[in-house]
Amino acid sequence: MDKPVLLTGAGGRVGQAILGHLGDRYHWRLLDREPLSSDKIPETVSDADVFVADVTDDYAVRNAIDGVGAVVHLAGDPRPEAPWDSVLRNNIDGTQTMLEEAANVGVEKFAFASSNHAVGAYETEDRTPQMYRTDDQFRLDGSELPRPGNLYGVSKAAGETLGRYYHDESGMSVVCVRIGNLTRGHPPRNYERGQAMWLSYRDCAHLFDRCLQADYEYEVVYGISDNDRKYYSIDRARDALGYDPQDNSADYHADGTPKEHIAE
Ligand SMILES: NC(=O)C1=CN([C@@H]2O[C@H](COP(=O)(O)OP(=O)(O)OC[C@H]3O[C@@H](n4cnc5c(N)ncnc54)[C@H](O)[C@@H]3O)[C@@H](O)[C@H]2O)C=CC1
Ligand SMILES: O=C1O[C@H](COP(=O)(O)O)[C@@H](O)[C@H](O)[C@H]1O
């Protein structure tokens, strides 16, 4: 990708995971509604490429997106318990604004931060907690219909559908990454479900790197590390994007401490 890449929600956890590993790999433009402290901005990013703006503000987005070749759209309300007025505005309206403006200026690739919560209601009482365990064969692979377990998940399913629409209307490549549980340094502690959907910081950065490098049309993939415990298949991310994760929650004890073979 020779053109600039616009990263929305750059100051958040996912944004910082990406910038921490790929800060000098792209010509980044960073957008967040909160001003970014200097420690959150890679040295290679100039002041002119940092935008304090809301993704629901189409005028501000138009200004930031001009000349961009790809968008990584992370900005939104990430709380599973977020109320409808917040996800309607920040997640649904914000994603529609980003896709509309991206399509208008001919952006080639658009990567959208969807969520495990778009399919949270597949975790039925009769399947859990067995489905979180290594010996269970249940898998979601991205071809299933969304089945949200909360309004936040509904907003992510809506974002995926908006992506489908803008891909079909404009030809822009769109990938929706159903991110699992991003945790720095170790899998979520004493949380089987979180360990099954752990996404390490380096695998997160690598996955979004592949979203910027690979050729695809419209994709829905799961964003988790190569965990032994899993109920999301990463086959589609491997096949469509060339995702090759390095981390596995099985390399850690339940309390998050590394097992001997990977301990420093
Ligand atoms: N962290 C995780 O494990 C997961 C995250 N995701 C998704 O990834 C994305 C990023 O999540 P995190 O980095 O964890 O959240 P975060 O809360 O750490 O970061 C979100 C960033 O977006 C900005 N933002 C929020 N609303 C905005 C708006 N209307 N306009 C401009 N900027 C806005 C915030 O200021 C913040 O810097 C979210 O869309 C979230 O739903 C999905 C699944 C798992
Ligand atoms: O979409 C998201 O999912 C992760 C994992 O969900 P959880 O229910 O296990 O906490 C969550 O931590 C993150 O905030 C959210 O954006």
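Predicted model: local features only at pLDDT ≥ 70, side-chain atom pairs only at ≥ 80, totals over all residues.
Of the 264 residues of the chain, 47% count as buried.

Let me begin with the chain as a whole. Its secondary structure comes to seven helices and nine strands. The radius of gyration is 18 Å, close to the 18 Å that the globule rule gives for 264 residues, so the chain is as compact as a globular protein of that length. Along the principal axes, the C-alpha atoms fill a box of roughly 50 × 40 × 35 Å. Turning to contacts between residues at least 6 apart in sequence, 68% join residues at least 24 apart.

I move now to ligand 1. There are 23 residues around this ligand, and Gly-9, Gly-12, Ala-113, Ile-179 and Leu-182 come nearest. By class, the shell divides into eight nonpolar, 10 polar and five charged residues. At least two shell residues come from each of helix 1 (13-22), helix 3 (84-104), strand 5 (109-115) and strand 7 (181-182). Helix 1 gives the most, with three residues.

Helix 1 also meets helix 6, residues 201-213. How do these two helices lie relative to each other? Their axes come within 8 Å and cross at roughly 80°; helix 1 and helix 6 are therefore roughly perpendicular to each other. On the helix 1 side, the contact involves Val-14, Ala-17, Ile-18, Gly-20, His-21 and Leu-22. These meet Tyr-201, Arg-202, Cys-204, Ala-205, Phe-208 and Asp-209 in helix 6. By class, this contact has eight nonpolar, two polar and two charged residues.

Notes
Residues numbered from 1 in each chain as written. Chains lettered and ligands numbered in written order. Near = placed C-beta within 6 Å. Helix = DSSP H or I, 4+ residues; strand = E, 2+ residues; numbered from the N terminus. Nonpolar A, V, L, I, M, F, W, Y, C, P; charged D, E, K, R; others polar. Axes fitted to C-alpha atoms, helices over the stretch in contact; angles between N-to-C directions. Parallel < 35°, antiparallel > 145°, perpendicular 65-115°, else oblique. Contact = placed C-beta atoms within 7 Å. Rg over C-alpha atoms; globule rule 2.2 N^0.38 Å. Buried ≥ 20, exposed ≤ 12 C-beta atoms within 10 Å, placed from the backbone.
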